[in-house]
Amino acid sequence: MIRLIRLPSAVFRLPILVFLVLAMACATGYKPKGAFGDGYSEQRVGTDVFMVTFDASAFTPRERMDAYLLWRCAEITLDHRATYFGIVYDGKPVRRTSTRPTLIDKPPFPTDTAPSEPEVPSGRSARMTIQLYPERPDSVDRYYEARTILQRLAPLMRGK
């Protein structure tokens, strides 16, 4: 006769708890891009124009990744003594009328404007190209005041 041994349910809960703790530890925190390729980075692409990227692990929720990206944009704005930033490009695909690049799309010389459609980052990334403004811009539809962004996201960032 085979006798079934009943193991305490705590034995099965422990591996699940360990897995969840490890998964949370693997989530990307707010930091400059590091050796593992996660974190924020920025590139100046024109006068007061920056391409800001946040690369994250698969365990980082999209909402947190987007918050980190906005936080970094606000920090860059204040670091460069500006008050507002406008979104020039937010990483969403843009439909073109032609798939063949022209000299207007990719000129053979450096330009002082942000690229109209940078390459979409691969993996778990968020990217924005922003223009900095010392005063409230009248001609920009999507703009943010940097200090307001920092105030609104502060509760989320305390856990960074």
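Reader: How many bridges join S2 to strand S4?
Author: This is a predicted model, in which local features need pLDDT of at least 70 and side-chain atom pairs count only at pLDDT 80 or more, while totals for chains, interfaces and linings use all residues. Residues are numbered from 1 along each chain as its sequence is written, and side-chain values use heavy atoms, with hydrogens and water left out. Strands here are DSSP runs of E with at least two residues, helices are runs of H or I with at least four, both numbered from the N terminus, and two strands pair if DSSP finds at least two bridges between them. S2 and S4 (residues 125–133) run antiparallel, and the number of bridges joining them is seven.

Reader: How far from the backbone oxygen of Asp-48 does a polar atom of the side chain of Gln-131 lie?
Author: Gln-131, placed in strand S4, touches Thr-47, Asp-48 and Val-49, as well as Tyr-84, Phe-85, Gly-86 and Val-88, not counting residues up to four places away in sequence; contact means heavy atoms within 4.5 Å. Asp-48 itself sits in the turn of the hairpin that S1 and S2 form with two residues between them, and has a positive phi of about 60°. From its backbone oxygen, a polar atom of the Gln-131 side chain lies at 3.5 Å.

Reader: Why is S2 described as largely enclosed by the rest of the structure?
Author: Both faces of the strand are covered, with Val-49, Met-51, Thr-53 and Asp-55 on one side and Phe-50, Val-52 and Phe-54 on the other. Buried here means under 20% relative accessible area, exposed over 50% and partly exposed in between, computed with a 1.4 Å probe on protein chains only. S2 is therefore largely enclosed, the count of its buried residues being seven of the seven.

Reader: The side chain of which residue is joined to that of Thr-53 by a polar contact of 3.2 Å?
Author: Thr-53 lies in strand S2 (residues 49–55) and is buried, with a relative accessible area of 7%. Leaving aside neighbours within four places in sequence, its contacts include Gly-39, Tyr-40, Ser-41 and Leu-69. A polar contact is a pair of N or O atoms within 3.5 Å; within protein, one must be able to donate a hydrogen and the other to accept it, and residues adjacent in sequence count only if both atoms are side-chain atoms. The side chain that meets this one at 3.2 Å is that of Arg-127.

Reader: Which are the edge strands?
Author: Five strands form an open sheet with antiparallel pairing, in the order S1-S2-S4-S3-S5. An edge strand pairs on one side only, and this holds for S1 and S5.

Reader: What angle does the direction of H2 make with that of S4?
Author: Five bridges join S3 to S4, which run antiparallel, and Phe-85 stands opposite Leu-132 in S4. H2 packs on this sheet, touching S1, S2, S3, S4 and S5. Axes are lines fitted to C-alpha atoms, for helices over the stretch in contact, and angles run from 0 to 180 degrees between N-to-C directions. By that convention, the direction of H2 makes with that of S4 an angle of about 25°.

Reader: Within what arc do the buried residues of H3 fall, seen down its axis?
Author: The buried residues of H3 (residues 146–157) are Ala-146, Ile-149, Leu-150, Leu-153, Ala-154 and Met-157. Taking the arc as that of the directions from the helix axis to the C-beta atoms, these residues line one face of the helix because they fall within 145°.
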